[in-house]
Structure formats: C-alpha cells, structure tokens
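Hello,

As promised, I am handing over the structure we talked about. Please open it alongside this email, and then read on for what turned up in it.

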Amino acid sequence: MATKRDYYEVLGVDKNADQATISAAYRKLAMQYHPDRNPGDKEAEAKFKEAAEAYDVLHDAEKRARYDQYGQAGLNGGMGGGTQFHDVSDIFEAFGDVFGFGDLFGGGRGYGGRQRPRRGADVRCLVQLTLNEAANGVKKTVSFHRHEHCQNCSGSGSKPGSEPQTCPYCNGRGHIIQSQGFFSVQTVCPNCHGTGKVITDPCPDCRGSGLTAKTVEREIEIPAGVDNSTQMRIQGEGNPSPNGGPNGDCFVSIQILEHPIFTRDGNNLECRVPISYAQAALGATIEIPTLDGTQPYEIPAGTPTGKVFRLKGKGMPELRSSRKGDLLVQVYIDVPKKLTKEHEEVLRKLAEIEEVNVSSGRKGFWDTITSLFKK
Ligand SMILES: [Zn+2]
Ligand SMILES: [Zn+2]
C-alpha cells in the first residue's frame, strides 16, 4: 500500500485547525478538483478523493484523535476508521448533501449514492378558451390532480408514533456494492429502493406511500395572444418530491374553441362575408365582423367574388407584444335561392341587357373556350 500524505497537509491546514477551517479548506479543494469541472482528469479525481478522505477523518473528532495519536495505523485495523472511497459517487453520498454539490454544479445528476433531493414529478391539465378570451387575456380557474403529503403521517408513510427504520439490507446507504473479483458494482438497494429507510408499520391512510391524491384548483392569468401551442406553467404546483426536494410544476395546455365566424392563421384572422351581385357591381358599404363587434367597410364598385380585403391590426394580438395581426375578409357573391316578383322582373331585364352587352371579362373567357374546340 502506498504511503498516504498527511491529512493536514492534504487540506493545507494547521494541526490545530478548528472544524470551520477544515470544512472551508475541504470545500475549496472539492470545488477545485470536482469531476464536473475536470472531466476525464484522473489526477484531479485522485486529488478529489484524497481531499475527501482527509476530510472524512479530520472532521470527525474521534477519528481525528486516533489519527493524531497513531497516524494511519489508528484508522486501519477494523476499528471502523478510515473510509476508502472507491469512487466519486461514494464521496457524494458521504458529503454531497453537506456542501450542496448538486446545486453548485448544476445538480440533478445521479452519482449513484444515496439520492440527493429530487424534484417532484410535473402534472398537467387543460384549459379551454374562446377566441375572444384568447384575444383579450383572461383569468381562469384550472383544476388538476396531484399528490400531496399524507396529513396523517406527515408524508413519512409510517403510522403516527412509529418511525421508518434504517434499511437493514444496505445499512441505510441506499445502495449496495457487489464485488466480483476486481470489479465492484454499485446498485440501488432493492429493499429500500435507495431511500435507506424501510417502513415497518405503515400509515393506514396512505398505506405507507406517504402520499394522498388531491384535486387542486388554481386561478391563472392567461395573457392575450395565446394559442393552441401555448403552454403555461404553475410553478411548484406539481407532485411533491420523494426526498425533500422541491415540488414539480403544473403545466397547463391551452385549447381554443372554434369560432362560428373566424378562423385563425397565426395572428391573422380570416372570415367570409356574403355580398349581393348588386353590391359587388355597384360598390357598397357593408358590415364586417371583427372581434370587437361589426364595423362598416366600403367595398368598391366592380368587386369580384372571392376578393380579400385586409384590415390591418384587426387580428389577434401577438403574445407578449403590442403588435397585432390582420383581419382578412373574403367577400363572395351570395346568390338568392328565392326571388320576389320584383327581384325577378329586374333580373330578367338585366339578362336581356347582358344578352346584347356581354361584359369584357366574359367575352374573353368565351373566346378562349370557342378557340379550344375549333377544329
Ligand atoms: Zn400516511
Ligand atoms: Zn436499503
């Protein structure tokens, strides 16, 4: 076995250093040689382990006393002394929580040791809006299902008055190390599923899960301009963490109900408005629907059927912006199914006139047709 460097030297502290100094020194080294900062660097990893080993001994009054008196020899020899850190995950397991490595280094990565706090799962719900609500923004109450900590056992899962016991299979470590020759493989403890504790006397309300299902209602402020692809997040309203971490979030999907008149294309709105032949030919002021009610609009004489008029800024607002889309109004000539006597008389008269006085557009069209069938 290689001789080890003096632990005080490793941490760079005085023999009389107090706890705070030792912790600070270790924290500094741990950050410097952290594997996340030195990916693939074996030397950094060795230093990281060395520092952890030194800290493990020096921050424990009893181990430190033995080390001071006997050196390495005081730690070996089956007295439950010096910890051998086989891999980095052991170090996270031992000290990670103390120093909050996860938070410092972007967290959430499992090093396989006892689980550091994890976020609870997200939940989802749906809210339906009318087009007008989507255009103006609206407050809505949404309802969704999630879990909450059981009130009877405060989420422990154990019957009130009893406590979860340290898992005997892994001694509370949450994982087990299986050795096969030179290899040691670390796996999550199958008995406690990594929690390090087992419930021996389950809470009758939640049957030991520590959770109860709840339906929750929350009011949310929906901004103007949302559409079917918008998702809103209610932070912290999801499921609770299984191990003391933050709650998950609730994601709200938006569904916009079909409008009887308008269809939406991005921020533009489209609609079709019927006009009469006379209005198309002579020009007219017609009523056009908008989101805020109807408004008069002048169409010029000689408007063809299918013509699209663009009303700038009369569409949907853009989400989180002051811009607005346009309203595209397509007019079409509405042919009456029933005619009054007077109507019919006028139209027959019109037909007579048109017989002799075919308009230029139609003349051109018929000329083309005729030429197509000419032999
Ligand atoms: Zn319970
Ligand atoms: Zn276990």
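**What was found**

Leu126 stands opposite Ser253 in S9. This is a predicted model, in which local features need pLDDT of at least 70 and side-chain atom pairs count only at pLDDT 80 or more, while totals for chains, interfaces and linings use all residues. Residues are numbered from 1 along each chain as its sequence is written, and chains are lettered from A and ligands numbered from 1 in the order in which they are written.

S1 and strand S9 (residues 250–256) pair in the parallel sense, through seven bridges. Helices (H or I, at least four residues) and strands (E, at least two) are DSSP runs, numbered from the N terminus, and two strands pair if DSSP finds at least two bridges between them. The sheet itself is open and has three strands, in the order S1-S9-S8, with mixed pairing. Its edges are strand S1 (123–129) and strand S8 (231–234), each of which pairs on one side only. On average, neighbouring strands in this sheet are turned by 30° against each other, direction ignored; the axes are lines fitted to C-alpha atoms, for helices over the stretch in contact, and angles run from 0 to 180 degrees between N-to-C directions.

There is also an open sheet of four strands, again a mixed one, ordered S10-S11-S15-S14. Here strand S10 (263–265) and strand S14 (308–311) are the edge strands, each pairing on one side only. The twist from one strand to the next averages 30°. Within this sheet, strand S11 (residues 268–275) runs parallel to strand S15 (residues 327–333), and seven bridges join the two. Arg272 is found opposite Gln330 in S15.

Now for a helix. Helix H2 covers residues 19–32, and at 1.5 Å a residue its 14 residues should span 20 Å, which agrees with the 20 Å between its end C-alpha atoms. The expected span is 1.5 Å times one less than the number of residues. Which residues of H2 are buried? They are Ile22, Ala25, Tyr26, Leu29 and Ala30. Seen down the axis of H2, the buried residues fall within an arc of 130°, so they line one face of the helix; the arc is that of the directions from the helix axis to the C-beta atoms. A residue is buried if 20 or more other C-beta atoms lie within 10 Å of its own, exposed if 12 or fewer, and partly exposed in between, with C-beta atoms placed from the backbone.

Lys28 also sits in helix H2. Lys28 is partly exposed, because it has 13 other C-beta atoms within 10 Å. From Lys28 to Ala51 is 23 residues in sequence and 9.8 Å in space, C-alpha to C-alpha.

Two loop residues may be worth a look:

- Ser154 has a positive phi of about 55° although it is not a glycine. It lies in the loop between strand S2 (138–149) and strand S3 (165–166), and counts as exposed with 12 C-beta neighbours inside 10 Å.
- His193, in the loop between strand S5 (183–188) and strand S6 (197–198), has a positive phi near 55° and is not a glycine either. With 13 C-beta neighbours inside 10 Å, His193 counts as partly exposed.

For the protein as a whole, the secondary structure comes to ten helices and 15 strands. Buried residues make up 24% of its 375 residues.

Best wishes
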